[in-house]
Amino acid sequence: MEPIVEIQNITKVFKKINAVSDLSFSIHKGDVYGFLGQNGAGKSTTMRMLLGLIFPDSGRIIINGQEFNNGKRHLLRHIGAIIERPDMYGYLSGWDNLKIFAALTDRSIPATRLHAVLEQVGLKGREKDKVKTYSYGMKQRLGIAIALVHEPDLLILDEPTNGLDPQGIADIRELIRSLSRDHGKTVLVSSHLLHEIEQVATRMLVLHKGKKIAEGMLSDLLNPNEMLVQVGVIPAGQVQARIAASSWQPMLVGASADQLTFKLHKDNIPELNRWLVMNGVNVTEIRSKHSLEDHFLSLTNDQATATRAI
Ligand SMILES: Nc1ncnc2c1ncn2[C@@H]1O[C@H](COP(=O)(O)OP(=O)(O)OP(=O)(O)O)[C@@H](O)[C@H]1O
């Protein structure tokens, strides 16, 4: 199946900053594509290129099989986005705001569509209220309704949970899931928090200093063979000497006064525990983490180290 968006080797340089370097990826129908990267990684720059707000210095962007450039702005009708904070008229109702933005699109959008999209974002019943009375989360949902009103093939959300309270974050997360699950939407969502991406995405791309450092199905990137195991020990000092002389040494990735950290397969945890106890170590706790956060951090750190080494 042809991807909705295909990015081929795009590069964007601002003065001397390589905001995006030789980046390629594809988004297919039904994907919730997570775009993960620390601040300044190049996420917004890539999204802005996808929206024709800026153009790449080199490389190609293909939308629904056609190369996108300044002369092909009509291709943008396939995309809906919230990139910066959506500007709305606070003294008008949610309904009127939606109507105004719908009128700005290149097609005539019937009232039934406005109702449907308000329903999709969970604002039905509140559409007559003035936007200035909306919570920040509701404004964000209205922004998503505006982005969806012309029925785009791809919805782009740049850090949609930024600045929301925990309930607002949970609501947006659930909204993204429901847009995908119940309404078959394809979504590109960015975040600097792996935790956020982890909860909504089906595929993920990790961007670091403008470069792709990982891409794939979330389940593959999770790397189940590598658990980070933190062992509380008393005292840690002598233990380290014993570990150094044992087969556990290559798996030891960190040590402090009262904690040792190993990277190993889950199945090895009981064996490690037995070995520590048999060697007279007082184990106070064992915690294993499977969070993609560590994986993400190790990816970005490895990359940073690799870059420094060059
Ligand atoms: N218009 C611009 N002029 C100069 N430099 C820019 C411009 N836009 C972005 N940059 C630089 O390009 C790099 C990538 O920025 P970008 O905004 O794409 O990152 P990001 O991953 O979206 O991070 P953030 O979440 O902080 O926005 C940064 O170093 C940024 O300072």
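The legends below describe close-up views of a predicted model. Residues are numbered from 1 along each chain as its sequence is written. In this predicted model, local features need pLDDT of at least 70 and side-chain atom pairs count only at pLDDT 80 or more, while totals for chains, interfaces and linings use all residues.

**View A. Residues around the ligand.** The shell is formed by Phe14, Ile17, Ala19, Gly37, Asn39, Gly40, Ala41, Gly42, Lys43, Ser44, Thr45 and His192, a residue being near a molecule if its C-beta atom, placed from the backbone, lies within 6 Å of it. Two or more residues each come from strand S2 (17–27) and helix H1 (43–50); helices (H or I, at least four residues) and strands (E, at least two) are DSSP runs, numbered from the N terminus. H1 gives the most, with 3 residues.

**View B. The open sheet.** Its 4 strands follow the order S12-S13-S11-S14 with antiparallel pairing, where two strands pair if DSSP finds at least two bridges between them. Strand S12 (252–255) and strand S14 (282–289) are the edge strands, each pairing on one side only.

**View C. Strands S12 and S13.** S12 and strand S13 (residues 259–264) run antiparallel and are joined by 3 bridges. Leu252 stands opposite Phe262 in S13.

**View D. Helix H9 on the sheet.** Helix H9 (residues 269–278) packs on the sheet and touches strand S11 (227–234), S13 and S14; contact requires C-beta atoms, placed from the backbone, within 7 Å. The direction of H9 makes about 165° with that of S14, with axes fitted to C-alpha atoms, for helices over the stretch in contact, and angles running from 0 to 180 degrees between N-to-C directions.

Note on methods. Two residues are in contact if their C-beta atoms, placed from the backbone, lie within 7 Å.
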